[in-house]
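Me: I have a structure to go through with you, and I'd like to ask what lies behind each label. Shall we take it step by step?

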Amino acid sequence: MDYPKLVAPNTKYVGGMNLREGAALEGVFSQFVAGAEKGVVLFSLGYTGFKAADVPHYLVTAFLQAFRRLEERVIMRFDASLVEDIPENVLIVPWFPQHDLLAHPATKVFVTHCGMTGVLESVYHGVPMLALPIFGDQ
């Protein structure tokens, strides 16, 4: 899950050490996913060095307009205080148990910034990704 590059012969890749089976969802996540008859979409731009307030408002609005038209439920990692008119099928939270949600059979797609942790977890659990890389290393 990396691009071709020269490395020393004694280099040992240890990616994926965090991979495990998913744990049971709790609280609001359990309830929200249980009611998702058509499945769940996860949306996260990860921890890329910017704050949610730095994302242009028109871009967040465009995502929400698209999510509103989906039959699936969407769990979006973002700052809900920056959003107006949250669609009924969207749950906006400042954090979510990404690994456990990716492991859940209701999860249909992961909209991701392509951070290596999320990519490895998504591949491990067989969840397709919609890639929105933000920086050159993604």
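Me: What covers the buried residues of helix 4?

Reply: The cover includes helix 3 (98-103), and also strand 4 and strand 5 (129-131). The buried residues of helix 4 are G118, V119, L120, E121 and S122. Buried here stands for under 20% relative accessible area, exposed for over 50%, and partly exposed for what lies in between, with a 1.4 Å probe and protein chains only. Packing, touching and covering all rest on contact, that is, heavy atoms within 4.5 Å.

Me: Before we go on, what kind of model is this, and how are its residues numbered?

Reply: It is a predicted model, in which local features need pLDDT of at least 70 and side-chain atom pairs count only at pLDDT 80 or more, while totals for chains, interfaces and linings use all residues. Numbering runs from 1 along each chain as its sequence is written, and side-chain values use heavy atoms, with hydrogens and water left out.

Me: How many helices and strands does the chain have, and what makes a stretch count as one or the other?

Reply: There are four helices and five strands, in the order α-β-α-β-β-α-β-α-β along the sequence. A helix is a DSSP run of H or I with at least four residues, a strand is a run of E with at least two, and both are numbered from the N terminus.

Me: How do you know whether the span of helix 2 is close to what is expected?

Reply: Helix 2 covers residues 57-68, 12 residues in total, and its first and last C-alpha atoms are 16 Å apart.

Me: What makes the buried residues of helix 2 line one face?

Reply: Those residues are V60, L64 and F67. Viewed down the axis of helix 2, they fall within an arc of 60°, so they line one face of the helix. The arc is that of the directions from the helix axis to the C-beta atoms. That buried set packs against strand 1 (40-44), strand 2 (73-77) and strand 3 (90-93).

Me: Why is L64 called buried, and which residues does L64 touch?

Reply: L64 has 4% relative accessibility, so L64 counts as buried. Leaving aside residues up to four places away in sequence, L64 touches M76, V83, E84, P87, V90 and I92. For L45, 19 residues from L64 in sequence, the C-alpha to C-alpha distance to L64 is 14 Å.

Me: Which residues are buried in helix 1, and what puts them on the same side?

Reply: Helix 1 (residues 27-34) buries F29, F32 and V33. Their arc around the axis is only 95°, which places them on the same side of helix 1. The face turned away from that buried side carries the exposed residues Q31 and A34. Strand 1, strand 2, strand 3 and helix 3 are what the buried residues of helix 1 pack against.

Me: Does D85 count as buried or exposed, and what is its phi?

Reply: D85 sits in the loop between strand 2 and strand 3, and at 57% relative accessibility it counts as exposed. Its phi is near 55°, positive although D85 is not a glycine. Most residues other than glycine have a negative phi.

Me: And C114: buried or exposed?

Reply: C114 is in the loop between strand 4 (107-112) and helix 4 (116-125). Its relative accessibility is 14%, so C114 counts as buried. C114 is a residue other than glycine with a positive phi, near 80°. G126, which follows helix 4, has a positive phi near 70°.

Me: What makes A80 partly exposed?

Reply: At 31% relative accessibility, A80 is put in the partly exposed class. A80 belongs to the loop between strand 2 and strand 3, and touches I86 and I92, with residues up to four places away in sequence not counted.

Me: How much of the chain is buried, and what share of the contacts comes from residues 24 or more positions apart?

Reply: Buried residues are 38% of the 138 in the chain. Among contacts with a separation of 6 or more, 57% join residues 24 or more positions apart. The C-alpha atoms fill a box of roughly 55 × 35 × 20 Å along the principal axes.

Terms used. The expected span of a helix is 1.5 Å times one less than its number of residues.
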